[in-house]
Amino acid sequence: MKIKSVSFVVSNTDHKKCPEDGLPEFAFIGRSNVGKSSLINLLTGNKKLAKTSSTPGKTQLINHFVINDQWYLVDLPGYGYAKVSKSARSNWEKFIADYLTNRKSLMNIFILLDSRLEPQKIDLEFINWCGEKQLPFVLVFTKIDKLSSSALQRNTSKFKKEMLKTWEEMPPVFTTSSISGFGNEPILNYIDQILEIC
Ligand code: GDP
């Protein structure tokens with residue numbers, strides 16, 4: 001897929017205020033600092049579209065961007081902030097859960113995982129929750145430039161093993177580097193394939 005146009009549409013915390021034109025949408029989510037903003041900027045070819053962690057005052061909102069006037073890319077707030085209070089976290093959980101479970105035009109969730117880390121409980125919990133809610137998702141291992149191919153292989157296998165304790169099969173898995181651009185095309189092609197059958 002060629003990205004011809006990208007524009008910001010709206011940010012909010014209420015799924016009822018999200019765009020209502022029914023364009024198919026694809027959401028990106030993961031732990032804070034996983035590399036979500038960098039990946040979104042890579043995919044859209046716009047270095048400043050999503051605010052990276054270094055941006056002061058990065059807000060916790062559902063952000064809609066329209067791509068090629070054809071689909072929405074949805075940047076969801078990162079989960080797992082150590083510093084966030086319990087009540088802020090449950091508020092986060094509620095509005096994200098409401099968005100994810102009510103959004104009929106949501107075609108896929110890209111769940112980002114830091115390829116350098118051991119399987120994280122919070123990621124597995126979120127994945128299992130998506131499973132319970134029957135939400136379509138794929139996994140994206142980020143920052144692969146930061147480790148050797150054998151370490152990447154080892155970490156992804158560990159994650160797979162952990163997931164297969166509760167899942168019968170694995171969803172599609174992507175690996176990316178926002179530094180080298182690796183993984184950009186396969187993700188855009190995956191989105192394209194889904195758009196073709198929409
Ligand atoms: P977010 O909080 O998930 O949106 O994460 P960011 O995109 O802001 O990235 C967090 C940090 O990781 C920043 O310092 C990025 O420069 C860095 N980062 C993100 N993606 C990559 C990557 O693919 N490779 C490397 N080496 N660093 C990355």
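This report describes the sheet, helices, cores, aromatic pairs and cysteines of one predicted model.

Residues are numbered from 1 along each chain as its sequence is written, and side-chain values use heavy atoms, with hydrogens and water left out. Since the model is predicted, local features need pLDDT of at least 70 and side-chain atom pairs count only at pLDDT 80 or more, while totals for chains, interfaces and linings use all residues.

## The sheet and the helices across it

Helices (H or I, at least four residues) and strands (E, at least two) are DSSP runs, numbered from the N terminus. Seven strands form an open sheet in the order 1-3-4-2-5-6-7, with mixed pairing; two strands pair if DSSP finds at least two bridges between them. Strand 1 (6–12) and strand 7 (173–175) stand at the edges with a single partner strand each, so one side of each has no neighbour in the sheet. From one strand to the next, the twist averages 25°, where axes are lines fitted to C-alpha atoms, for helices over the stretch in contact, and angles run from 0 to 180 degrees between N-to-C directions.

Strand 2 pairs with strand 5 in the parallel sense over six bridges, and E25 stands opposite L106 in strand 5. Helix 3 lies across strand 2, strand 5 and strand 6, and runs at about 165° to strand 5, whereas helix 4 lies across strand 5, strand 6 and strand 7, and runs at about 150° to strand 6.

The place of S105 is in the loop between helix 2 (86–102) and strand 5 (106–114). S105 counts as buried at 12% relative accessibility, with buried meaning under 20% relative accessible area, exposed over 50%, and partly exposed in between (1.4 Å probe, protein chains only). Leaving aside neighbours within four places in sequence, S105 is in contact (heavy atoms within 4.5 Å) with G22, L23, P24 and E25.

Helix 1 (residues 36–44) is largely enclosed by the rest of the structure, because eight of its nine residues are buried. Those buried residues are K36, S37, L39, I40, N41, L42, L43 and T44. Just after helix 1, G45 takes a positive phi of about 65°.

## Two nonpolar cores

A nonpolar core is a set of buried Ala, Val, Leu, Ile, Met, Phe, Trp, Tyr and Cys residues joined through side-chain atoms within 4.5 Å. The largest such core has 28 residues, and those with the most contacts inside it are I29, L76, Y99, L100, I109 and I111. At least two residues of this core come from each of strand 2 (25–30), strand 3 (62–67), strand 4 (71–75), helix 2, strand 5, helix 3 (121–132), strand 6 (137–142) and helix 4 (149–163). Helix 2 gives the most, with five residues. Not counting residues up to four places away in sequence, L100 touches L76, L106, I109, F126, W129 and L135. Apart from this core lies another, of 24 residues, among them A50, L188, I191 and I194.

## Aromatic pairs

Rings of Phe, Tyr and Trp (its six-membered ring) pair if their centres lie within 6.5 Å, and planes under 30 degrees apart count as stacked, over 60 as edge-to-face and the rest as tilted.

| Pair | Geometry | Centre to centre | Between the planes |
|---|---|---|---|
| F110 and Y190 | edge-to-face | 6.3 Å | 80° |
| F137 and W167 | edge-to-face | 5.4 Å | 85° |

The pair of F110 in strand 5 and Y190 in helix 5 (residues 184–197) links distant parts of the chain, 80 residues apart, and both F110 and Y190 are buried. The pair of F137 in strand 6 and W167 in the loop between helix 4 and strand 7 also links distant parts of the chain, 30 residues apart. F137 counts as buried at 9% relative accessibility, whereas W167 is partly exposed, with a relative accessible area of 23%. Ring pairs also link F28, F110, F174 and Y190 into a cluster.

## Cysteines

A search of the whole structure finds zero disulfides, a disulfide being a pair of cysteine sulfur atoms within 2.5 Å. C130 is in no disulfide, and the nearest cysteine sulfur, that of C18, is 16 Å away. The sulfur of C198 is 17 Å from the closest cysteine sulfur, in C18, which is too far for a bond. C130 counts as buried at 0% relative accessibility, while C198 counts as exposed at 55%.
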